[in-house]
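Please take me through this model, one question at a time.

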Amino acid sequence: MSVLQEISSDVRNMKQMENFVLFRRTNEIKEELRRGVRKSYREVIDVSWGDPHRAGVKPLSFVRQVLAACLYPELMDGDKLMVDVKQRAQRLLGTCAGGSVGSYCATAGIPQILQSISQYIMRRDGGVPCHPENIYISPGSQWALTNILKVLVNSEASPRTGVLIPVPCHSTTIISLTTLGAVAVPYYLREERGWALEMEELQRALDSAKGVCNPVALYMINPGNPAGYVQSRKSIQEVIRFAAEKKLFLLADEVYQDCVYGKESEFVSYKRALAEIGAPLSDSVELASFHTASKGLMGECGLRTGYVELVNLDPAVMKHINNLFSTNSCPILGQIALDVMVNPPQPGDPSYPLYLKETQHIRASLAQNVRRVEEVINSFPDFSCQPLEGGAFAFPRLFLPPKAIERAKEAGLQPDTFYCLRLLEEAGVLFSPGTEYGQKEGTYHIRFCIMTPTDTMEEILRRLSAFHEQFMKEFS
Amino acid sequence: MSQEAVNGVPCRGKVLTVENMNPNVKRVEYAVRGPIVQRAVQIEKELREGVKKPFTEVIKANIGDAQAMGQRPITFFRQVLALCSYPELLEDNKFPEDAKQRARRILDACGGHSIGAYSASQGIECIRQDVARYIEKRDGGISSSPDNIYLSTGASDAIVTILKLLVCGEGRDRTGVMISIPQYPLYSAALADLAAVQINYYLDEDNCWSLNVAELKRALNEAKQHCKPRVLCIINPGNPTGQVQSRQCIEDVIRFAKEEHLFLMADEVYQDNVYAEGCKFHSFKKVLFEMGPEYSSTVEMASFHSTSKCYMGECGFRGGYMEVINMDPEVKAQLTKLVSVRLCPPVPGQALLDLVVNPPQPDEPSYTSFMKERTAVLAALAEKARLTEEIFNTVPGITCNPVQGAMYTFPRITLPPKAIDKAKAEGKVPDMFYCMKLLEEEGICLVPGSGFGQKDGTFHFRMTILPPTEKLKVVLQKIRDFHLRFTNEFS
């Protein structure tokens, strides 16, 4: 039948997500529950995604009111919507071609929204200039990252293009690299030191690439995913200097920049740190930094909108990047959400009190969850969690007994996948295994989203604790 | 931080340069948003700054964006989407019950009952089920499985995904992809990006842009010498040409694909945009199945649809899907893996698609107004298609094939030799020279035919038929006047 036994080798080489076996089983269990099969739980709690809404966090009212008004402007006729909602919707509709969110926008995004974003970035970075022409809005930050990687990765070159990536790392990025025919060069973050990035390790990773590939870029996630670190200014500047010296293009995935809760932690953007280093590095180090509407307090993952800011790129290269982005434009609704994200209601605005209440509630819940997660996880001798400083996840380390590891191998599963599968089966909680993200050989981790309502987190921790005790006993 | 870079002063010592960047990306061009549009945007800026010009606005007839040109969205769709965005509105009695019902159903299928949650990579299951049902209904009952439906970020995303899946091999074994000339430049851009071999087959301008198999054979046989042809792309109704393929033609293409073991990519995003009398949209799948099991169980195909065109014109939502037919299960597993990299398509676009395949039924409150709006949009387009062909054919030097479907006209323009020389002297392709002059003198933005491909020595432009009828009349007259002036100037 098939003419397609041969397909792109890049696609064939893509690793099947470790999560796949867990997703499949989750769907089966949900179906079983629907059919009335008895289990020790009534519903599956899925915290395997960085998806606050899925986990039960409510969308911010102001964003959704603006979206509704933009979708169906007749809504603005009555008194149901606040004045500032109407004003924002009207202003944004005015930026859309034909006054409709159904039109295409310019290649890089709606110009006025690009302007808003650049002003937000300047405010964030204490005044470091930001030019809208260097910003591209895309259907999700990963889309923009893929486009930038496409430009960097020469799949026909020999040796192949290499990109340094942290271990552990966001799984989608790893897969994207494979589909582009690039080589991932891992550098290990030091778990015992709060997932610190050590320069000797970066050097080791770079050295390991000799003869294997040609490293052109360094990808870093800050705040972290899956690990919940926030990189210090000092560390960021060390990385920048390293990139400058070794001629590496910097890719800074900063999508969790609004999720910082560690008491000693402060988000410093790579761009700001670069500017603070000063010339000549600040004028020459090439940097792409990524942000999104999916994370932070808004959590609008389903709108699929993010952006990249490009710093110090060769103008001739920028022209080609422009062509690449021109072939598929970004959803308009997501851009509207971005505008609200970078320009939220201010004190004095009619919608501000509710906005404040909702965002404070999310922040307080997150802080509470962090406290409880660290407390509960660290109370187990065979479970440990580095201090959670930022991001949306906990990534605790599991010290699995040899019997459990053995059983996992018999089942043809990675040990942490085995743990997650059992957790799903017996406790109805879906986490994702550390294998998905990369980890030091012989270590095991699990990742779960901590941006949930507080009672959901309590339930998760209750089920996890009960299961964990049982599991450890079984395999002792 | 210095802006030397932005000002165009070349910077030494860059890590990423034009020399070492991915060479495939350098070949990516997309004329629909290319240099002429960039100049149009610049002119709009100048107008806003008060610069005097012979016109007060730039008419952007370059891109198939109906709502940008004033077409109204379908009320029912926007009501449901507003309800999905802000579910508190479900308490509002301003909204009809059928809209609320659909919104509730969509929200129930979303994580946390929010359109802000990720969905499964392949798309929300109940929406894929609805799409499958719609396809079955459209195709007279031929069965469609939701497992073969992949929702996507516009049809473009699905098209690029399939190409990414299929392009492989080195040197003489590199995958060759057949595409019509003229074509929609997303295809050429994707093929350049993937370093696939583009195999051009020429549509017959003298015969209403029809496709003939002899030409397919010619193109294929020539290509076999330097690549491995494995894919055949066809856009029906056509973009930029507007032709609607006859049923016979579709059968011939399917037969050809079977004989030559080609994967068929049927781009059918304009399936509701059919205007000419005697023309009808025949879905490739329907024809395939009506040709019997010898074909329907063997020919591999993907067909594409979108929420951007037809009567919806909702380009900004990036909604779309593909249906894959007869795909090897192992290959399909790879496809499923590949789409997971995108995480998921925009959920509002998925919701919108659900409404397109599940519109108000005759017994529902919104039916009458929905049908009224839909009919009005399609009737307006049909009238504009007719008007465009009529007026262009009155201009000596412009010949225009009937706009049977889609949203564009692709007339052939005769350029005087002196104009061609002048263009070449300025380093411009002749139809780009023509279109740039039209833009500067009349503020009308079209896309030169060279952006879509055309037979050597011929020149065209693509214009959308989307401006409101009165404005369209003015645009057509201005182009007529411009063409006569141009011909005169270079005689």
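This is a predicted model: local features need pLDDT of at least 70, side-chain atom pairs count only at pLDDT 80 or more; totals for chains, interfaces and linings use all residues.

Residues are numbered from 1 along each chain as its sequence is written, chains are lettered from A and ligands numbered from 1 in the order in which they are written, and side-chain values use heavy atoms, with hydrogens and water left out.

Me: How many residues do chain B and chain A bring to the contact?
Reply: Contact means heavy atoms within 4.5 Å. By that rule the contact takes 91 residues from chain B and 95 residues from chain A.

Me: What area do chain B and chain A bury between them?
Reply: The size of an interface is often given as the accessible area lost when the parts come together. Buried area here is the accessible area (1.4 Å probe) that two parts lose on being put together, summed over both. Carbon and sulfur atoms carry 58% of it, and the value for chain B and chain A is about 8000 Å².

Me: Which residue of chain A forms a salt bridge with D193(B)?
Reply: A salt bridge is a side-chain nitrogen of Lys or Arg within 4 Å of a carboxyl oxygen of Asp or Glu. The count between chain B and chain A is 2. For D193(B), the closest N and O atoms are 2.8 Å apart, and the partner is K150(A).

Me: Which element gives the largest share of the side of chain B that touches chain A?
Reply: Helices (H or I, at least four residues) and strands (E, at least two) are DSSP runs, numbered from the N terminus. Those supplying at least two residues each to this side of chain B include α7 (154-166), β5 (228-235) and α14 (347-357). The largest share is 7 residues, and it comes from α4(B).

Me: How many disulfides does a search of the whole structure find?
Reply: A disulfide is a pair of cysteine sulfur atoms within 2.5 Å. For C310(B), the nearest cysteine sulfur, that of C315(B), is 11 Å away. For C400(B), the nearest is that of C208(B), at 9.7 Å. Over all chains the count is 0.

Me: Is S326(A) buried or exposed?
Reply: Buried means under 20% relative accessible area, exposed over 50%, partly exposed in between (1.4 Å probe, protein chains only). S326(A) lies in helix α12 (residues 315-326) of chain A. Not counting residues up to four places away in sequence, S326(A) touches T107(A), Y30(B) and R33(B). Its relative accessible area is 3%, so S326(A) is buried.

Me: Which residue does a cis peptide bond join to N225(A)?
Reply: Most residues other than glycine have a negative phi, and most peptide bonds are trans. In chain B, the bond from I181(B) to P182(B) is cis, with omega near 0 degrees. In chain A, omega is about 5 degrees for the cis bond from N225(A), and the residue joined is P226(A).

Me: What is the phi of C208(B)?
Reply: C208(B) lies in the loop between β4 (197-202) and α9 (213-223) of chain B. Its relative accessible area is 22%, so C208(B) is partly exposed. C208(B) is not a glycine, yet its phi is positive, about 60 degrees.

Me: How far apart in sequence are the parts that D339(A) and R91(A) tie together?
Reply: The side chains of D339(A) and R91(A) meet in a salt bridge (3.1 Å, N to O). D339(A) is buried at 0% relative accessibility, whereas R91(A) is partly exposed at 38%. D339(A) lies in helix α13 (residues 332-342) and R91(A) in helix α4 (residues 83-95) of chain A, so the parts are apart by 248 residues.

Me: Where in chain A is E309(A), the salt-bridge partner of K271(A)?
Reply: The two side chains, K271(A) and E309(A), meet at 2.7 Å, N to O. K271(A) is buried, and so is E309(A). K271(A) is in helix α10 (residues 270-277), 38 residues from E309(A), which is in strand β8 (residues 306-311).
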